[in-house]
Amino acid sequence: MRSLPSIIHLDMDAFFAAVEQAAKPSLRGKPVIVGGLGGRGVVSTASYEARRFGVHSAMPMAQARRLCPNAAFLSGRFEAYRQVSEIVMGLLRELSPLVQPLSLDEAFVDLEAGPYGPVLAEADHGTGERLVVALAEDLRADIQRRTGLTASVGAAGSKLMAKIASEQAKPDGLVLIEPGEERAVLGPMPVRALPGIGPATEQVLRRAGLNTVADLAEAGEAELVQLLGRSHGVGVHQMAIGLDDRPVVADQDAKSVSVEDTFEVDLADRERVLREVDVLAARCVRRLRAAGRSGRTVVLKVRRFDFSTLTRSETLRGPTDDEAVITETARRLASQVDITGGVRLLGVGVSQLADYTQEDLFAQAERTEAAAEQHPVPAGEENGPAAEEEAVARHWMPGQDVHHDEFGPGWVQGSGVGRVTVRFETPWSGPGRVRTFAVDDPALEPARPLPLHRDAGRGEHGGAEVAEPGERRGREGGSGADPAGQDPAGQDPAGKG
DNA sequence: TCTGGGGTCCTAGGACCC
DNA sequence: TCTGGGGTCCTAGGACCC
């Protein structure tokens, strides 16, 4: 806990949907829903315009379509989201090297570890807080300028309270919670406001008559341990009384890599299941290798027709990134599960990751064994995946970036019955016109996402480069840096109102 | 209305070793 | 002959987060 609100939590507003609106001028101000578009998809992000219709994250897409039939329904463009995320994270790193990303659109920053740390440490209470507010408002303005997107920021003396504050700040706001005010702010909130308390824990607490954070604080640690178990109980009690000492820790290496697929129709037969396991294992290995890692434990995940989910795992003698080894292991695990009634989802994952890729003896032995042993892949099947990729490339996804030889850059608005509709516009154009083509029109091809600003592509890091320290300092004397004068707090720094 | 995909952390039992 | 306790690893499942 700190006496200065020097930990900030940044959260981009309706991130995926906001990126789509920034990239697609015709969607600005309109309901946009990003998520899985198949029969079993769910909403990933809804723009604020769509939220007014009751659409929210994790809602089945079918329900979202009923609630808001006129929204633009888009499948995600993760390459674009990653690009924008890198710009945002770069801006955060100008404030401090201690940046802890929680996802593409969220991160903690420890200001004390950065260039303003010494000033903050010296400053008296009021001056320190005004500096934090000024830095946070500058940050929000920089994000707006560089990406066109809005972000909400919470500042407080702990990660817990910074996160609570950014939640209160949404959308497009800043809330600072003064150290000392923790319990007053938390007390009236429902228990679900605490991170780590989900539906299950909420039920347990509700049955015990505990509904607000103040109830939790009053209940005491012993009762919470009784109800929730040692670890969770202690943690929840600490949060409830406003205590949180967790440090901001810079980006950590992933501990597992996994891929999974939900099928439009449940898989009924074993052979089909095994073929899908092969495809998933290959995808998993590709990701593992791209990350330069190898793993020891192979995990198979199966969700059955009735949504019951099980995992089976096997730990190898050493870490591997060998596709044959991982595939065979996953297949072995899959052949042991009961698939009666059908399989809704399959997943393949690897954990116990090693920091480096080693061509280990175990993998080599396994491979020669497998090669010597048996089944050459049937000729037809060998071409299967490649042929499938061709087909996927011609399967136009709503939202997807495309380029037309004559009309230039655009995005897929929809497709069906052999036709694809494209809207030709760019992040920096006005709203564009729509044209329709045959799905196999040779003049039309998939494209990479465009940067949100025309000039953002300059520089070797594609616009994500960090500005010179002097640049920021320079502004310090300017508008953003006169915290006393500008009173960004229309935002209620105490977070009380 | 029928529930995605990518992760993290925790618990608990059994094996195995000292 | 009966009875230990602790530590670590593996496996499975579940809660939770974005």
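An N or O atom in the side chain of T262 lies 2.5 Å from a phosphate oxygen of DNA strand B. This is a predicted model, in which local features need pLDDT of at least 70 and side-chain atom pairs count only at pLDDT 80 or more, while totals for chains, interfaces and linings use all residues. Residues are numbered from 1 along each chain as its sequence is written, chains are lettered from A and ligands numbered from 1 in the order in which they are written, and side-chain values use heavy atoms, with hydrogens and water left out.

## DNA strand B

How many residues surround DNA strand B? There are 21, and the closest are R66, E260, T262, R287 and R344. Of the atoms of DNA strand B that come within 4 Å of the protein, 76% belong to sugar and phosphate. A residue is near a strand if one of its heavy atoms lies within 4 Å of that strand.

Two or more residues of the surface near DNA strand B come from each of β9 (256-267) and β12 (343-354). β9 makes the largest share, with 7 residues. Helices (H or I, at least four residues) and strands (E, at least two) are DSSP runs, numbered from the N terminus.

By class, the surface near DNA strand B consists of 8 nonpolar, 5 polar and 8 charged residues. Here Ala, Val, Leu, Ile, Met, Phe, Trp, Tyr, Cys and Pro count as nonpolar, Asp, Glu, Lys and Arg as charged, and the others, Gly among them, as polar.

## DNA strand C

DNA strand C has 20 residues around it, of which K163, G196, T201, S313 and T315 come nearest. Sugar or phosphate makes up 100% of the atoms of DNA strand C within 4 Å of the protein.

| Residue | Protein atom | Distance to a phosphate oxygen of DNA strand C |
|---|---|---|
| G196 | backbone N or O atom | 2.7 Å |
| T201 | polar side-chain atom | 2.4 Å |
| S313 | polar backbone atom | 2.7 Å |

At least two residues of the surface near DNA strand C are supplied by each of α9 (199-207) and β11. The largest share, 6 residues, is that of β11. The classes on this surface are 6 nonpolar, 8 polar and 6 charged residues.

## The sheet

Which strands form the open sheet, and in what order? Its 4 strands are ordered β9-β12-β10-β11, with antiparallel pairing. Because β9 and β11 stand at the edges with a single partner strand each, one side of each has no neighbour in the sheet. Neighbouring strands are turned by 15 degrees against each other on average, direction ignored. For such angles, axes are lines fitted to C-alpha atoms, for helices over the stretch in contact, and angles run from 0 to 180 degrees between N-to-C directions.

Strand β10 (residues 294-304) and β12 run antiparallel and are joined by 10 bridges; two strands pair if DSSP finds at least two bridges between them.

## Salt bridges and burial

The structure holds 21 salt bridges, each a side-chain nitrogen of Lys or Arg within 4 Å of a carboxyl oxygen of Asp or Glu. One of them joins K170 to D11, with the closest N and O atoms 3.1 Å apart. This pair links distant parts of the chain, 159 residues apart: K170 is in the loop between α7 (159-169) and β8 (174-176), and D11 is in strand β1 (residues 7-12). K170 is partly exposed, with a relative accessible area of 28%, whereas D11 is buried at 5%. Buried means under 20% relative accessible area, exposed over 50% and partly exposed in between, with a 1.4 Å probe and protein chains only.

Another salt bridge is formed by R246 and D244, whose closest N and O atoms are 2.8 Å apart. R246 is partly exposed at 44% relative accessibility, and D244 is buried at 8%.

In the salt bridge of R332 with E314, the closest N and O atoms are 3.0 Å apart. R332 lies in helix α14 (residues 323-334) and E314 in strand β11 (residues 309-320), so this pair ties together parts that are 18 residues apart in sequence. Both residues count as partly exposed, R332 at 34% relative accessibility and E314 at 25%. Elsewhere, salt bridges with shared partners join E20, K24, R77 and D401 into one network.

Helix α7 is largely enclosed by the rest of the structure, because 8 of its 11 residues are buried. Among these buried residues are K159, L160, M161 and A169.

Note on methods:
Polar contact = N/O pair within 3.5 Å; in protein donor to acceptor, adjacent residues only side chain to side chain.
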